[in-house]
Amino acid sequence: MLGINRRYLSDFDWPLLGIAMAIAAFGVLEISSAEPNPGLWRRQLVGIGIGLFVIFVTTVLDYRRIVNLAPYLYVIGVILLALVLTPLGKEVNGNRSWLYFGSFGFQPSEFAKLFTILLLAYYLSGVKKRPLDLRTIIIAGMIWALPTALVFLENDTGSALSYSSFLVAMLFLAGLRWRWVIAALGILVLAVTFSVPYVKTCKSYKCERIKAVYWPELAEKRFRYQNDQSEIAVGSGGLFGKGLRGSTQGTLGFVPEVHNDFIYAVASEEWGFLGSFLSLTLYLLMISRLIQIARRSRERVGVLLAAGVAALLLYHVTVNVGMVVRLLPIMGIPLPLMSSGLTSVVATSFGLGLAISIRLRRFVN
Amino acid sequence: MKPIKEPGFDPIEDLRQAGTRLEILRYLALVIFVILAGRLWYLQVMNKQVYAERAEMNRTRVLTIPARRGNVFDRKGRLLASSQPSYNIVISRKDVKNFDEISNLLIENISDIERDWLSKRFEAAIYEPKYESIVVKELASKEDVQWVEAHQYEYPMIRAEEAPRRFYPNGQLAAHALGYVGEVSRTELNDKSSPFNREAGFKLGDIIGKAGIERTYNEILMGKDGERRVIVDSRGRIQKEIDRIPPEPGRDVYLTLDLDIQKIAEAQAYDMPENRGVIVVSDPTNGEIFALVSHPSYDPNVFSLKAKTDEGKTEIRDLYENPDKPLYNRVIQGTYPPGSTWKLLTTVAGLNEGVITPENSRIQDGGIQLGNYFMKSLSHLGAPDVVTAISRSADGYYYRLGLKLGPERFEKWVRTFRFGERTGIDLPREKIGILPTRAAKAMIYPRTPKWTEYDMAASAFGQGTNALTPIQLLRYVNGLAVGGQMYTPHLFLRAVAGTDRMGKKHSAVKFVDNNKFTVAMSRDTHEIVLKGMWGAVNGAGTAGAAHVEGFDVCGKTGTAQNVSTDKVGKNTKDHAWFMGFAPRDKPEISAVILTENAGFGGKQSAPRAGAIFTDYYRRTRGLKDEVLSETVARGRAGEPAKVVRN
């Protein structure tokens with residue numbers, strides 16, 4: 001185990017922490033602008049504090065020890081996800097993804113994602129085969145399927161899909177045959193193509209949200225509204241934005257969930273293209289950094305773990321920003337570190353902590 | 001975890017291959033980044049203007065501040081119609097999820113709302129368009145408005161809307177002259193020929209004049225609405241006001257009405273036996289109307305204060321369904337045979353055409369055999385002169401005078417007095433009536449279109465096809481009073497300077513009579529008319545009940561035979577006319593009175609004129625009340641005096 005010594009301090013990934021803190025600080029600023037109620041941004045600061053502590057603990061510990069705990073963590077994660085479906089769970093905005101113990105509530109799926117990444121890394125790194133055989137793929141698929149199914153039952157499609165993001169990335173890195181990759185892509189393209197006519201006529205709220213983006217004239221007005229307002233918020237920001245607290249779309253309530261899933265809309269409105277481009281660049285740098293850590297790792301488990309976290313973050317950023325700029329349908333996916341929410345911030349910090357821990361131990365074997 | 005050597009697994013090669021695939025992942029991230037950044041560029045840089053405008057439209061609303069309508073005063077500056085600042089409590093329907101909850105809330109916090117009434121209101125609202133708001137309280141009290149404004153954030157669906165209300169402090173008084181106001185209708189807005197269409201700048205919800213001078217002088221009375229530009233949130237709650245253009249009130253209008261005369265005229269109309277009739281009083285020297293009563297009347301406040309409540313809607317429906325037609329202005333829309341009042345026209349025609357002369361005007365009176373029909377006459381005065389014929393209303397005299405005139409000359413004089421045309425009084429929807437002419441007969445009786453001697457004799461004394469409006473008769477009696485100068489009867493005296501609804505400035509305006517004309521009447525002819533009409537009141541004539549001691553009233557009664565096909569009941573009884581003026585040599589006041597289905601004019605209408613003239617005479621000459629009471633008592637033919645004081 002690595003103590004806090006000079007090596008810890010000099011090898012620690014300060015740039016990655018710096019990028020993460022810059023994003024988080026920007027998030028606090030925008031939360032305070034979007035929602036004048038000081039409770040929210042103060043809560044977010046508390047979340048960041050907890051997140052820093054989690055990063056510290058995670059980096060002090062050897063990530064391999066954490067990976068060895070993966071089966072237990074995974075079971076805990078699955079139990080928590082199952083509890084959400086019991087009366088302990090609570091429905092917010094149509095998603096039953098909250099778990100309450102008294103007044104303390106959190107979203108188990110945020111942690112369950114990382115626990116699943118850990119178990120996949122644990123399992124796939126133990127399989128010393130390249131390319132992967134079918135049996136491995138099926139077992140990995142089963143590890144993925146259990147939490148995904150539970151989240152799906154919670155009606156949280158966005159989160160359920162996020163599990164696929166790191167499963168695909170980790171299988172790909174662990175040595176999925178190219179012909180399988182191409183076949184999977186082919187099936188995906190066909191599935192999308194054939195589902196188009198169905199989606200166009202279907203009236204469920206999920207279809208409506210898809211139509212609101214790609215075929216707005218077919219969508220019901222109330223579903224288009226959120227997309228319209230978010231689009232207006234971003235567009236009206238212009239090149240330089242309306243300045244801090246200058247948002248009208250956000251603060252006057254036109255954009256929904258403004259401190260949470262749509263925080264990027266307010267940020268774009270207040271800081272314009274300059275601000276939105278810059279924050280997007282920070283995310284790109286963060287993800288690149290995580291991929292870099294994966295590349296530098298001398299161990300299969302480190303590669304898979306860091307890449308899994310990178311894939312998860314990439315998914316979150318893509319889906320959230322994509323939905324704010326009306327390229328993707330609205331899904332309840334928070335923007336990592338910016339959206340208000342303790343669970344999300346702490347879970348993201350845990351993921352970053354794991355990556356930094358991998359980096360710290362890249363030469364140790 | 002120690003790397004275990006497995007057959008066919010090379011950890012170095014594994015890491016190398018993973019590294020290549022990680023590069024692919026990195027490129028994927030870069031591609032996604034470029035797509036997202038491109039979209040941001042498209043929205044924020046290329047289309048900034050579009051979205052900036054949409055954001056602005058989102059957050060700002062322009063709310064109208066309704067302008068106060070101009071006040072209406074009588075000729076002496078006494079208030080007849082005003083606009084009161086007032087508020088409606090409304091609910092925006094689309095924001096209401098639970099009507100029961102809202103009902104409880106309203107009943108607890110807004111004064112005077114009943115549950116039954118409210119639930120009926122909500123039920124009715126189901127069938128109204130969704131975007132329209134439901135008025136739950138009109139004329140809300142100060143406390144109501146304060147409560148609503150204090151709870152705007154909690155209950156954004158409840159609002160207090162400014163809505164200045166037209167108020168007629170005298171209720172029914174002069175209702176037919178004033179008219180009433182109401183919201184412009186969709187039909188009017190879309191009708192190209194309507195003065196209130198969209199092209200003229202009207203919009204839904206505008207309050208316009210619906211009848212009376214409110215309608216005629218709508219352009220003067222309407223002010224320019226103001227505007228509030230406010231910032232609202234997504235639920236429409238007002239956050240801040242950015243700009244305010246204050247409304248400019250409409251211009252005040254002074255009418256020719258005299259509240260004192262109007263009041264006594266109303267009182268006189270009130271006890272008409274069938275509860276229907278007309279009283280118009282005017283200044284014969286210029287056509288200014290002092291009083292205008294069409295009885296029964298209505299309270300115009302119903303339309304402006306209660307039009308949106310159930311109670312008010314019922315009242316308005318009742319007004320429309322009432323068989324006595326209170327909304328109908330009998331003064332300008334009722335057409336009646338003129339009866340003997342018409343004899344003056346035949347007189348003027350006969351004198352002007354030389355059929356009779358001032359020196360030699362004697363003609364045989366009494367019944368006459370025309371073909372196989374004998375026309376009876378109530379009078380048998382031998383061969384009276386024209387003055388006696390007028391004052392004693394000698395029917396037989398006029399049968400013969402008519403026959404001597406013949407239709408051509410007779411019709412020429414009907415046209416000279418411009419019967420069959422609108423007088424041009426400043427009230428909407430005036431009727432023209434029907435003339436006693438050959439063309440009219442041919443049109444009305446297509447099977448017996450031929451003009452007979454009977455038609456000539458009947459037309460000459462005021463029957464036949466003849467039907468005219470009381471206002472036409474008023475212009476006629478005014479012309480007779482002043483010797484042939486025919487002024488347009490009117491209600492508009494002047495309007496003060498101000499702004500119109502489009503924001504244009506106007507200076508003060510006075511009434512200009514563009515429609516006056518003269519009927520040639522020699523001094524002798526005029527003298528005969530005056531003598532005859534004076535005699536009718538002050539001699540042994542038919543209009544004695546209009547006599548006012550010292551005031552030299554001239555007048556003429558008429559009994560209009562009712563040609564109604566309804567032969568059963570009272571509705572077939574004759575209409576009683578009186579027309580007159582005073583004093584004889586320098587007329588100041590004239591009146592036309594019609595009591596529907598009341599029988600003989602001398603008994604029913606002349607005493608009412610007497611009471612009005614007496615009151616006028618008393619006030620203008622500063623006489624004491626005792627004199628008045630006596631005169632009125634006598635004037636009303638033994639009935640108890642009915643004097644109404646302010």
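Predicted model: local features only at pLDDT ≥ 70, side-chain atom pairs only at ≥ 80, totals over all residues.
Local features here need a pLDDT of at least 70 and side-chain atom pairs count only at pLDDT 80 or more, while totals for chains, interfaces and linings use all residues. Residues are numbered from 1 along each chain as its sequence is written, and chains are lettered from A, with ligands numbered from 1, in the order in which they are written.

Chain A comes to 14 helices and 3 strands; helices (H or I, at least four residues) and strands (E, at least two) are DSSP runs, numbered from the N terminus. Of its 365 residues, 53% are buried. Buried means that 20 or more other C-beta atoms lie within 10 Å of a residue's own; exposed means 12 or fewer, and partly exposed is in between, with C-beta atoms placed from the backbone.

Take helix 2 of chain A, residues 14-34. With 21 residues, helix 2 of chain A reaches 30 Å from its first C-alpha to its last, close to the 30 Å expected at 1.5 Å a residue (the expected span is 1.5 Å times one less than the number of residues). Its buried residues, including A:L16, A:I19 and A:G27, pack against helix 3 (38-60), helix 12 (263-296) and helix 14 (342-360) of chain A.

Where the chains meet, 43 residues of chain A and 38 of chain B take part. On the chain B side, the largest share, 21 residues, belongs to helix 1. That side divides into 21 nonpolar, 7 polar and 10 charged residues; Ala, Val, Leu, Ile, Met, Phe, Trp, Tyr, Cys and Pro count as nonpolar, Asp, Glu, Lys and Arg as charged, and the others, Gly among them, as polar.

Chain B also has an open sheet of 6 strands with mixed pairing, in the order 7-3-2-12-18-21; strands pair if DSSP finds at least two bridges between them. Its edges are strand 7 (165-167) and strand 21 (509-510), each pairing on one side only. Strands 18 (492-495) and 21 of chain B run antiparallel, joined by 2 bridges, and B:R494 has B:K510 as its bridge partner.

Then there is strand 23 of chain B (554-560): 7 of its 7 residues are buried, so the strand is largely enclosed by the rest of the structure. Strand 23 of chain B runs antiparallel to strand 24 (575-582), with 7 bridges between them, and B:A560 stands opposite B:H575.

A cis peptide bond joins A:R130 and A:P131, with omega about -5°, and A:P131 sits in the loop between helix 6 (108-126) and helix 7 (134-153) of chain A. Another cis bond joins B:A582 and B:P583, with omega about -15°. As for B:R429, its phi is near 65°, a positive value in a residue other than glycine; B:R429 counts as exposed because it has 11 C-beta neighbours inside 10 Å.

Definitions and conventions. Contact = placed C-beta atoms within 7 Å.
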